[in-house]
Amino acid sequence: DVSYHNRNPQLTDEIKIKLPTKMTSKHHILFTFFHVVCNLQKNEKKGLDQETLLGYSVLPLYDRNRIVENDEHGLPVAIGPLEEDYLSDEKKALLTYVDS
């Protein structure tokens, strides 16, 4: 789905993934969010990119020795670029999140 000028988008796409038989806490889905400019001519005149990184969110697939439930998930969106070792608790504590 594409959300045009919506501050609280509801993403309802269905995703199917072939998972490995042995899962660990490192298995996850990484969502990356971009702002995409619709008026390309105006942006080109200003020398701006068509896409701007807004942030990202992570959905762990395996937690507490269980596979994540097939359900709706509300995920926080971290602002800025993806850091190396972004799954570590130390890195998570340093992130800035979008207010819901």
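Me: Is Lys91 buried, exposed or partly exposed in this predicted model?
Reply: Lys91 has a relative accessible area of 28%, so it falls in the partly exposed class.

Me: And which side chain does Lys91 meet in a salt bridge?
Reply: That's Glu83, with 3.6 Å from N to O. Glu83 is partly exposed as well, because its relative accessible area is 42%.

Me: How many salt bridges turn up in the whole structure?
Reply: A search of the whole structure gives three. As a general point, side chains of opposite charge can pair when their charged atoms come close.

Me: What does Arg66 pair with?
Reply: Arg66 forms a salt bridge with Glu69, and the closest N and O atoms are 2.8 Å apart. Arg66 counts as exposed because its relative accessibility is 53%, while Glu69 is at 48% and so counts as partly exposed.

Me: What about Asp63, who's the partner there?
Reply: Arg64, with the closest N and O atoms 3.3 Å apart. Arg64 is exposed at 72% relative accessibility, and Asp63 is partly exposed at 41%.

Me: Where does Ser88 sit, and is it buried or exposed?
Reply: Ser88 is in the loop between β5 and α2. With a relative accessible area of 12%, Ser88 is buried.

Me: OK, switching to the sheet. What's the strand order?
Reply: It's an open sheet of three strands, in the order β1-β2-β5, with antiparallel pairing. β1 and β5 (78-79) are at the edges with a single partner strand each, so one side of each has no neighbour in the sheet.

Me: How many bridges hold β2 and β5 together?
Reply: Two bridges, in the antiparallel sense, with β2 covering residues 51-60. As for partners, Tyr56 is bridged to Ala78 in β5.

Me: Where do the two tyrosines sit, and how many residues apart in sequence are the parts they tie together?
Reply: Tyr56 is in strand β2 and Tyr86 is in the loop between β5 and α2 (89-94), so the pair ties together parts 30 residues apart in sequence.

Me: Are Tyr56 and Tyr86 buried or exposed?
Reply: Tyr56 is buried, with a relative accessible area of 5%. Tyr86 is buried too, at 19%, because the cut-off for buried is under 20%.

Me: Last topic, the surface. Which residues make the nonpolar patch?
Reply: Ile15, Ile17, Leu19 and Ile67 make a nonpolar surface patch of about 360 Å².

Me: Where's Ile17 in all that, and what's its relative accessibility?
Reply: Ile17 lies in the segment before β1 (28-36). At 46% relative accessibility, Ile17 counts as partly exposed.

Key:
Residues are numbered from 1 along each chain as its sequence is written. This is a predicted model: local features need pLDDT of at least 70, side-chain atom pairs count only at pLDDT 80 or more; totals for chains, interfaces and linings use all residues. Side-chain values use heavy atoms; hydrogens and water are left out. Patches are made of residues with over 30% relative accessible area and no salt bridge: like charges are joined within 9 Å, nonpolar side chains (Val, Leu, Ile, Met, Phe, Trp, Tyr) within 5 Å. Accessible areas come from the Shrake-Rupley method with a 1.4 Å probe; for residues, only the protein chains shown count as cover. A salt bridge is a side-chain nitrogen of Lys or Arg within 4 Å of a carboxyl oxygen of Asp or Glu. Helices (H or I, at least four residues) and strands (E, at least two) are DSSP runs, numbered from the N terminus. Buried means under 20% relative accessible area, exposed over 50%, partly exposed in between (1.4 Å probe, protein chains only). Two strands pair if DSSP finds at least two bridges between them.
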